[in-house]
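Thanks for coming. I have one structure to go through, so please look at the screen.

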Amino acid sequence: MVNEQGHFAETAQRLNRIRLARALAILSPLKRDLLRLIPLLFHYHRLDYPGYNGPLTPSGIFNYEPDENELAACHTLGLVKPSFHIVNHPAIEGIYSMGSMASFGQNPKSDVDVWLVHDRLLSPNECQLLEEKADLLSAWFNNYGLEVNIYLVHPEQFVKNVDSEDEFQTAIGSEHSGSAQHWLLLEEFYRSQICLAGKTVAWWPKAERSEEYLFLGDVSRIPASEYFGASLWQLYKGLDKPHKALLKVLLLEAYASQYPKTCLVTEQVWQRTVEGDFSAANDAYFLLYESIESYLLEQGDLRRLEIVRRCFYLKCGLRLTEETQAKDWRYHKLVALVEDWNWSRSLLETLDHCDDWHCGQLQWFNEQLNELLLGSYQTLLQFASTQKLSKSLKLSELGLLTRKLHTYFSSDVQQIISLNKLWSDSVCETDLTIIFSQNDEEYCLYRCKPEPRNFIGERAVYRSKSKAKLVAWASLNGVSSDITSWYEFSKSKRKSASLTTASKRLVTFFEGAKLKVTKMDFCQPWRYKKLVFLLNFNHDPTEKWQGQEIMVDYMNANIFSLGREKQNMLESIDIICLNSWGEWHCHHYEGEFGILDSLTFITSGIRRGAGDIAIEVISCSTKLKSQFERTVSNLMHRAVRLSLQVSSSTTLVYPLKVSGVEYGLFFNSKGMVYQNLNDTKALFQQLTKKKLIELPRPDLGNEPFSKIPEVIQDFAARGAVQYFLRQNETELDVFILNETNELHHYKQSGIDIEELVSKVSHHHAFEEFETSLQRFNLPQFFRLIRVDGRLRALPFGMSVDDIDFDF
């Protein structure tokens, strides 16, 4: 047995040497030296070395001694060569790269994911110092153009207390899956790891823990309950790199189809290795592709297979149509693959020039990727629905992942989804034309001037029922810039000029609208951060207006009730809004009550925004531009002030005349409603004199909100299911607000908060997915507790340290 383990270790070390050589062969000379320095800078902790953060930081790697190449790298980077010394108690068992390094998936833009496996006896404070050093080193490497992500791993992280929240579990973040995946993460590490320094990883079958080798756990039996969290994590990663995530989520689908006798890629790599196959075909990323290909061919799904092949090719980063392309160890294998796929020269050239894809090509590819990602997720959801949620999956992290995915995969037609630019450096167009399709009753965007011959063979790059949403999408995603000219087919030049002006204003606004979204933001109801109002964008009654603008200013006339005919000159209003979840939406109102209805709609989100809202008003009317922008801007800022002044016991009323009728705008803690005041004479007289009056909160009678804590009113948000839970001595008080803010209240005995959250989360994740109108719209959970005598709603499962963490 000992001899067998020794033989396996030698075999693994041989594969490791080949992988390291392949990784270095693909990198530039500078990046080769940087990669070699990773273990050296953790072994030696010196004041004159990058990453130094004080004398107490643990250092030293098991059995490490720098070689000639690593010492030469010190010279290249201007570092003093270290003097050799023996570390009696090294703090680090090993340093390993994992992921696409040294595989078909490695390309010039690939980052380096590094696992630093530390000694099991390090204290939390020592681990914190190591993490700080890792962050400093990542920043140093980044200065040279090499992105290195370093993760601290406890050697017992995967085997000890796997079903509970333990001290080894790192909170979820943009680069760390937290509790979303466990054994599947280890399986990816095993199949792709390269030992840069330290102990040889014991990843072969029936490996055991020893002082000489690093054994992190047995992945031969991955529990079915983990596939759900892992698929969510891959979808989340797909928000930035969907082509890469699609390959991984389809691998999960292939694994699930074979369950419980799953043939893991790790097992395939090892089997070929012990058979003496060290060729390019024995590559973790290539075998990942082969596993997906076999699965899709069994399914007869050639459409998905074609998209997968394009994703694999693009991930490799080799450009076969370019004569200057270096012919590294992958080149001939990839050429043979492309020949087997019967790809045309034109398709290859299109893929090789992906850096120059225009917005239409990107939009099409994004649509294909999203459709396939969601299709795979649906399959994995059905597979996992027979299982319970993994005990290791933190419910708070489940909520964060689904909320983030909801912001991108929402089926809300008002939402403006960002364009993933993938590889393209710029998608800006010089000319954009809008055509209204009578058959589909929607607006279509084309990348050309409005000349009929330009549309031959062209496909619309974006479609929407809302013209404002179409312009906002182009302006938000860089398709339109300050050099772009807009046209509306078969419309006047003035209409086109108005479009161009509005777009330039939007571009300027969006450029300053970058938003940091934290974990705490996702755990709370959304609130408005930015609001843009487009006035008379669709319909413009001022075109036929014969009055004089100077007289409107002179008489301080009301543009909502102008002239003898008391005409409302605002006929359409589009609201483009950014909320604290990072979502952009576009809402359209028109007609006589457009201004009143739009005010009613936005007030609840304004109140939760606590006054920290950027407001922009853009008038697209032929006349009265400045009057519109000034009047509506003043009205919106007044609405913000009044929304923040009201309390649960008072209502503020402000009068506004629209089309000759006096309306009262009633602001209370729930929002705003408007009412015709002509029938309430006494109230109207008071308003005429005071312009604003305060009323006692009316008797709420049987209204459900009168019977619930006030804090719940402040948190109520449309579009989200919210649970407010209060633990009493003998029972649990449960308040539920559904997506339309309808209230349900009940008391439940014999269950604690954690158990209830688990049951409800499982129900929404699995049983309601088919019937839910919104994907991933899992409930938000809040604990109702008293802090300093005041009842507060605190997000379930959030720690103080996580509050400002970007997500």
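I will take one histidine, then a helix pair, then the cysteines.

This is a predicted model, in which local features need pLDDT of at least 70, side-chain atom pairs count only at pLDDT 80 or more, and totals for chains, interfaces and linings use all residues. Residues are numbered from 1 along each chain as its sequence is written, and side-chain values use heavy atoms, with hydrogens and water left out.

Start with His45, in the loop between helix H2 (29-43) and helix H3 (68-76). Helices here are DSSP runs of H or I, at least four residues, numbered from the N terminus. His45 is buried, at 16% relative accessible area; buried means under 20%, with a 1.4 Å probe and protein chains only. A polar atom of the His45 side chain sits 2.7 Å from the backbone oxygen of Gly54. The side chains of His45 and Lys133 make a polar contact of 2.9 Å, that is, a pair of N or O atoms within 3.5 Å, one able to donate a hydrogen and the other to accept it; residues adjacent in sequence count only if both atoms are side-chain atoms.

Next, helices H10 (residues 302-316) and H13 (residues 359-384): their axes come within 11 Å and cross at roughly 115°. Axes are lines fitted to C-alpha atoms over the stretch in contact, and angles run from 0 to 180 degrees between N-to-C directions.

Last, the cysteines. The structure holds zero disulfides, a disulfide being two cysteine sulfur atoms within 2.5 Å. Cys577 is buried, at 3% relative accessible area.

Technical notes:
Helix = DSSP H or I, 4+ residues; strand = E, 2+ residues; numbered from the N terminus. Buried < 20%, exposed > 50% of the residue type's maximum accessible area, 1.4 Å probe, protein only.
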